[in-house]
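The sequence and structure come first, and the description follows.

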Amino acid sequence: MKNKILCIGSRLVETDKAGPEVYDRLCRKKIPAHTDLVEGGIAGLNLLCHLEQAGVVVFVDAVSGFTRPGQMIVLTGQQVQAACPKPVYDHSAGIAYLLAVLPRVCQGSLPEEIFLVGLEGRCDSTTLDRAADAALTMTRKNPVV
């Protein structure tokens, strides 16, 4: 079991490129051997394979309506699902839908913990760096052995 940092979003859409921007910052840092860094892009349900038998999973993604523009927020998987209680089946379904589907299709063990590092609106370089550090910190606190 390895921890995972999954940076998701589209580099081509201004309001959805926070995840890839944090991915770029993480690529310049030392990633622990027990952690996989994944640029998830807009893979959607294709990300499920990264969640099976994972330790700590940290998503990094753009969010809307969770905090002030330019700010970062950290949510647990339960908080993400509670924020989106009704099923949505299009691109806006996002992580909440992925987490709702996971227990129904997972053939291995479920992740030990799931977090979302959410970035609201256009974020400056300092906030993107803080998001990268937060994602790394969450996996370092929970090394998989």
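Two strands are taken to pair if DSSP finds at least two bridges between them. Helices (H or I, at least four residues) and strands (E, at least two) are DSSP runs, numbered from the N terminus. The model is predicted, so to speak of local features requires pLDDT of at least 70 and side-chain atom pairs count only at pLDDT 80 or more, while totals for chains, interfaces and linings use all residues. Residues are numbered from 1 along each chain as its sequence is written, and side-chain values use heavy atoms, leaving out hydrogens and water.

**The sheet**

In β2, Gly41 is the bridge partner of Ile8. In β3, Val58 is the bridge partner of Ile5.

| Strand pair | Sense | Bridges |
|---|---|---|
| β1 and β2 | parallel | six bridges |
| β1 and β3 | parallel | five bridges |

The five strands form an open sheet with mixed pairing, in the order β2-β1-β3-β5-β4. Its edge strands, β2 (35–41) and β4 (72–76), each pair on one side only. On average, neighbouring strands are turned by 20 degrees against each other, direction ignored. Axes here are lines fitted to C-alpha atoms, for helices over the stretch in contact, and angles run from 0 to 180 degrees between N-to-C directions.

**Helices on the sheet**

Contact means heavy atoms within 4.5 Å. Helix α1 (residues 18–27) packs on the sheet and touches β1, β2, β3 and β5 (113–120); its direction makes about 130 degrees with that of β1. Helix α5 (residues 125–140) also packs on the sheet, touching β1, β2, β3, β4 and β5, and its direction makes about 175 degrees with that of β5.

**The two helices together**

α1 and α5 pack at an angle of about 70 degrees, with their axes 9 Å apart. α1 is therefore roughly perpendicular to α5 (65 to 115 degrees counts as roughly perpendicular). On the α1 side the contact is made by Ala18, Glu21, Val22, Arg25 and Leu26; on the α5 side it is made by Ser125, Leu128, Asp129, Ala131, Ala132 and Leu136.

Conventions:
Parallel < 35°, antiparallel > 145°, perpendicular 65-115°, else oblique.
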